Amino acid sequence: MTSIRLAAYFENFLTIWKAMKASNGDYYTLALPMGDIPMDGISVADVGAVTSSIFNSPAEFLGKAVGLSAEALTVQQYADVLSKSLGKEVRDAKITLEAYEKLGFPGAKEMADMFRFYRMKPDRDVKLTHRLNPKVKSFSQFISENQGALMGI
């Protein structure tokens, strides 16, 4: 058996993690309770090619756990990429795990638990991911290719 462990999906930034307009200003906030801990990410579209490479190299990966990541950025670094791409200021909301749990949307507690896990810095290998799929997209490339989904921000 080979276990493939995935990072956070960049696609979440187009939906549930979309930057929100701040109530007291002309800027947007990104509310992910990671503090200053980098969070690994990858596009769903890049997972298949990496997985195929793993399946094509059974001797190298049999019996191993493989952690995938295109890159690891802090919330402010994700916000900076969004700011540059959108031409609008996006800031880290600096939300706590406890405040995130209380946001009231379905699954808020489970999402907070996921962020707790990500804050533990699970083993993800950016270099290996890029070796297995040299075309894996950075967050900046992903956002550039998906700007249409961010219209209205």
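The model is predicted. Helix α1 covers residues 44-55, and its buried residues line one face of the helix, because they fall within an arc of 135° seen down its axis. The sheet is open and consists of three strands in the order β3-β4-β8.

**Helix α1: length**

- Helix α1 has 12 residues, which at 1.5 Å a residue should span 16 Å.
- The C-alpha atoms at the ends of α1 are 17 Å apart, which agrees with that expectation.

- Asp46, Val47, Val50, Thr51 and Ile54 are the buried residues of α1.
- An α-helix has 3.6 residues a turn, so residues three or four places apart point the same way.
- Ala45 and Phe55, on the other side of α1, are exposed.
- The buried residues of α1 pack against several strands, namely β1 (3-5), β2 (8-9), β5 (39-42) and β6 (65-67), and against the helices α2 (58-61) and α6 (126-132).

**The sheet β3-β4-β8**

- Strands of a sheet pair through backbone hydrogen bonds, either parallel or antiparallel.
- In this sheet the pairing is mixed.
- Strands β3 (20-21) and β8 (90-92) lie at the edges, and each of them pairs on one side only.
- Strand β4, residues 28-30, pairs with β8 in the parallel sense over three bridges.
- Leucine 30 stands opposite aspartate 92, a residue of β8.

**The helix on the sheet**

- Helix α3 (residues 75-86) packs on the sheet and touches β4 and β8.
- The direction of α3 makes about 175° with that of β8.

How values were computed. Residues numbered from 1 in each chain as written. Predicted model: local features only at pLDDT ≥ 70, side-chain atom pairs only at ≥ 80, totals over all residues. Heavy atoms only, no water. Helix = DSSP H or I, 4+ residues; strand = E, 2+ residues; numbered from the N terminus. Expected span 1.5 Å × (residues − 1). Buried < 20%, exposed > 50% of the residue type's maximum accessible area, 1.4 Å probe, protein only. Arc of directions from axis to C-beta. Contact = heavy atoms within 4.5 Å. Pairing = 2+ DSSP bridges. Axes fitted to C-alpha atoms, helices over the stretch in contact; angles between N-to-C directions.
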